[in-house]
Amino acid sequence: MNEQQIVVIGAGPAGLAAAVAAAEHGGHVLLVDAGPRTGGQYWRHADPENDATPGRWHHGWSRFQRLVSAAQRQIRTGRLEHLPGHQVLALQPGEPLTLTLQKVPELQPAGASANLRQLRAQQVVLAPGTFDRQLPVPGWTLPGVMAAGGIQAFIKTHGQAPGQRAVVAGTGPFLLAAAASLLHAGADVAAVVESSDLTGWLPDLGTRSAGGTAGLLVPSKAAEGAEYLTVLARHRVPYLRRAVVTAIHGDTRAEAVTVARLQDGRPHSGSERHVEGIDMVGLSWGFTPQAELLVQSGAATRIDADGSLVGIVDAEQRSNVPGLALAGEITGVAGAVAAVLEGRIAGISAVHHLEGCSRPASGVARAALVRDRVQLANHRRFAAAMHRAHRLPAGWTDWLEEETLICRCEEVPFAKVRDAADQLRTDEPRGLKGVTRVGMGWCQGRMCGAAAQCLSSSRTDTGGPEADEHGHRAARSAAHRPSSAPMRLRDIAALPPTPDDSQGQEPRRLQ
């Protein structure tokens, strides 16, 4: 096993900031990421052929460039090593922590070895990022229907939109960002369909705190939202509130959608209207942190305001697992600026918790940490208000049909999942998985996980602490996997023995 001082998992905003901060404060850092280049999904790079104007499709590109320049300086000093194209399959607690890595198969030549390796690290900063949260709708398997994040990724990679005319639907500020990206890429947006009425912001943003309201504490967020709304207004894009897409229509691809008004969280009968002449639909119901490695580590978790499973940290971004810090969306979805702040705090904390470290932080570093924590608190309060204002509609199952697929990979229809939850008393996602195969496919529940969790818990959701604890256990159970990505048995067999093997005990390679 390779021995490392500090390993940072993920090279998005949080991970990149953590790696730079740790190296600048004297640590020796290994930055591991599945992508071929730093930036993560947020600062996703274009194909070289379409990269004539770097940063054209990005917010905060100058911040990314500063981080990359700082990382390159630390690489030249030898304090930072970047290991791209590698997935962390397992994160085992202990002192030191143990990580199992493999090369990303899609980035390797056909037939190449996965080349599994194991590392031991005194300190680990986990910054795995998120994926789009989805809710099923009739017709969502048609070509042309994508996650809104997928549309943005397509534009960033290829420099053009994946279609000519779109409807963007779901909930949350990201709908505005996706619609603006489509317009900038030359596509038309027929409508932005937002399920919330946005009044949920008012109680939170109007509550005074030290320094002002949440909206005033994060002026960059307000400015970004105003920028998107200005783009939509200039292109005369309808912005429909308290509305949902209840069906997507088409023969061989998406061609039209049905939009209905919401009343008490349910589609209001008689309010339906059709939007035709489209060729793509972008769906987004927020984002879900990638929690597999978090649960593997045994770290303490909670359910965030948006229903996501997130890690619990202290003021230094430390989890309750010795040696493990968390940064970015794994502690709660709050955006790239908050992720960078958390990354810096976690990176500095990792250095100060190294074995034998006795160098105190300078006065300048301590002052910077105080500023970061104040800004982070503001972003966290803003994010909490955002999550409360953009909850999933209570009656979203009303627009499902018997044959609507919940699990696209395994082609499991709504009727089968509903019957299993009701008749077979499966009241958590893993029970549904065993009975119906929902979540057993290639995506491992990333597309259907939110729907499966809602459907399985609806019959027991009576409110109160017991329901909250049941939801927490179900979320941890759904995220529990011995490996965070698919791997081959022959590669597992090729792993070197662990110290436990020499003592005649069962190996602890993957837990």
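C407 counts as buried, at 2% relative accessibility, where buried means under 20% relative accessible area, exposed over 50% and partly exposed in between (1.4 Å probe, protein chains only). The structure is a predicted model, in which local features need pLDDT of at least 70 and side-chain atom pairs count only at pLDDT 80 or more, while totals for chains, interfaces and linings use all residues. Residues are numbered from 1 along each chain as its sequence is written, and side-chain values use heavy atoms, with hydrogens and water left out.

C448 is likewise buried, at 2% relative accessibility. The closest cysteine sulfur to that of C407 belongs to C448, at 4.2 Å, which is too far for a bond. With a disulfide taken as a pair of cysteine sulfur atoms within 2.5 Å, the count is zero.

Helix α11 spans residues 414-423, and its buried residues are F414, A415, V417, A420 and A421; helices (H or I, at least four residues) and strands (E, at least two) are DSSP runs numbered from the N terminus. These buried residues pack against β21 (405-407), β22 (412-413), α12 (429-436) and α13 (449-457). Just after the helix, R425 adopts a positive phi of about 60 degrees.

Because R418 sits in α11 and E402 in the loop between α10 and β21, the pair ties together parts that are 16 residues apart in sequence. R418 is partly exposed at 25% relative accessibility, and E402 is partly exposed at 43%. R418 also meets D419 in a salt bridge (3.3 Å, N to O), and D419 is partly exposed with a relative accessible area of 28%. In helix α14 (residues 464-479), E469 and R473 lie four residues apart, about one turn of the helix, and their side chains form a salt bridge at 3.9 Å, N to O. A network of salt bridges links E292, R446 and R481.

On a 1 Å grid over the protein atoms alone, a cavity is a set of points where a 1.4 Å probe fits but cannot get out; a pocket is an open set with protein on both sides within 12 Å along at least five of seven lines, and lining residues have an atom within 4 Å of a point. Grid points are joined across faces, edges and corners, and a volume is the space filled by probe spheres set on the points. The whole structure holds one cavity of 30 Å³ or more. The largest cavity has about 50 Å³ of space, and its lining consists of L135, V137, A169, G170, V244, V245, L283, W285 and W399. Strands β9 (165-170) and β12 (243-249) each give two or more residues to this lining.

Two or more lining residues come from each of α1 (13-24), α2 (61-77), α9 and α10 (363-389).

Helix α9 (residues 336-352) also contains A339, which is buried with a relative accessible area of 7%. Contacts (heavy atoms within 4.5 Å) link A339 to P13, A14 and G328, not counting residues up to four places away in sequence. The C-alpha atoms of A339 and A18 are 9.5 Å apart, although 321 residues separate the two along the chain.

Notes
A salt bridge is a side-chain nitrogen of Lys or Arg within 4 Å of a carboxyl oxygen of Asp or Glu.
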